Amino acid sequence: MKPVMRNLPPKFVWISLGVEGGINESNLNAYLLAPYQSSDFICLDAGTLFAGLQVAANNGCFHDIPMQDQPDQCVESVVLKSHVKAYLISHSFLDHLHGLVSVSPNDTPKPIIGLPETIDGIRDSIFNWVSWPNMGNEGKNPVGQYQYQRLSEGRRTPIENTSMHVEALSLAHSNSADSAAFLIDHDGHYVLYMGDTGPDEVEQRTTTEDLWKRIAPLIRENRLHMITIEASFVDSHPEELLFGHLTPKWILKSFRKLALMVEPNQPQQALAGLKVVIAHIKPCLLASKPDNTRQIIEQQLASHNDLGIHFILVSQGTRLEF
Ligand SMILES: [Zn+2]
């Protein structure tokens, strides 16, 4: 059997607005995704929005956004109001919502999409006139700017005002909460965005295994362009303190199972060249030296990587086409 060739022509544009899982409120998980050569974005999680749009704008990520008709607007405002078409939220924890709450008074009407538990959490705990004005369209005295859209798990659903569809699958995120993975497709090509999750073995669930079963055929058919997965902690982080998160060691352990599903006879080749973006790294606060969690995670991923996976660690305000 020949190894899978992954020289796929680009089908998507991806811009990081925030890449970390804690501490710095101006750099929390949020990513824009659009079909290639389009600027109709969805925003995958929204931990940091405006600060990320500013960094992305300064880095030239929005060079293709036409500005002639809006001379009095900055590009980040134009992107937020006119080009972000929907928010897809993996779970209702604040490191995935903070930016959305902050920009909401300056935003335009659009859907907030997620699994029912997430949408209920946003309605009941965030947009409720206690934490923040009710910018949603349900609950007490709703302003109605955001339309809640609950996904049925495993059902492919169109994302309004874009040419993309989404299918959501549950992920285990500690005993007390669930998170979601979003499988996005456009023109027969796919991207998988995974929210926070712990290893199946620690969570004592099979949510990652179930997700791998869903995507294995797409990898075999060479139609999956990228996976985003979290690596919150370094390998030495105590297992009993993972709180529904992953480390490099657990990521590779999990990908080896995926490789076996994709090519049972040749698992070492099955994921070679697959692009995997690492998200949600939790910085470490040490008075003695600058935080190097990111470098350690990068080194540990490289040292465990016996599958030839193409791991990508990016900073805030990075544009990728894949
Ligand atoms: Zn998180």
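How exposed is lysine 213? In this predicted model, local features require pLDDT of at least 70 and side-chain atom pairs count only at pLDDT 80 or more, while totals for chains, interfaces and linings use all residues. Residues are numbered from 1 along each chain as its sequence is written, and side-chain values use heavy atoms, with hydrogens and water left out.

With a relative accessible area of 49%, lysine 213 is partly exposed (buried means under 20% relative accessible area, exposed over 50%, partly exposed in between; 1.4 Å probe, protein chains only). Its salt-bridge partner is glutamate 209, the closest N and O atoms being 3.6 Å apart; a salt bridge is a side-chain nitrogen of Lys or Arg within 4 Å of a carboxyl oxygen of Asp or Glu. Both residues belong to helix α6 (residues 207–220), four residues apart, about one turn of the helix. Helices (H or I, at least four residues) and strands (E, at least two) are DSSP runs, numbered from the N terminus.

The structure holds 17 salt bridges in total. Another joins glutamate 138 to arginine 150, with the closest N and O atoms 2.8 Å apart. This pair links distant parts of the chain, glutamate 138 lying in the loop between α4 (116–125) and β6 (146–150) and arginine 150 in strand β6.

The zinc ion is coordinated at 2.0 to 2.2 Å by Asp95 (OD), His96 (NE2), Asp196 (OD) and His280 (NE2); donors are N, O and S atoms within 2.8 Å of the metal (3.2 Å for Na, K and Ca), and water is not among the atoms, so sites may look incomplete. Histidine 96 is buried, at 0% relative accessible area.
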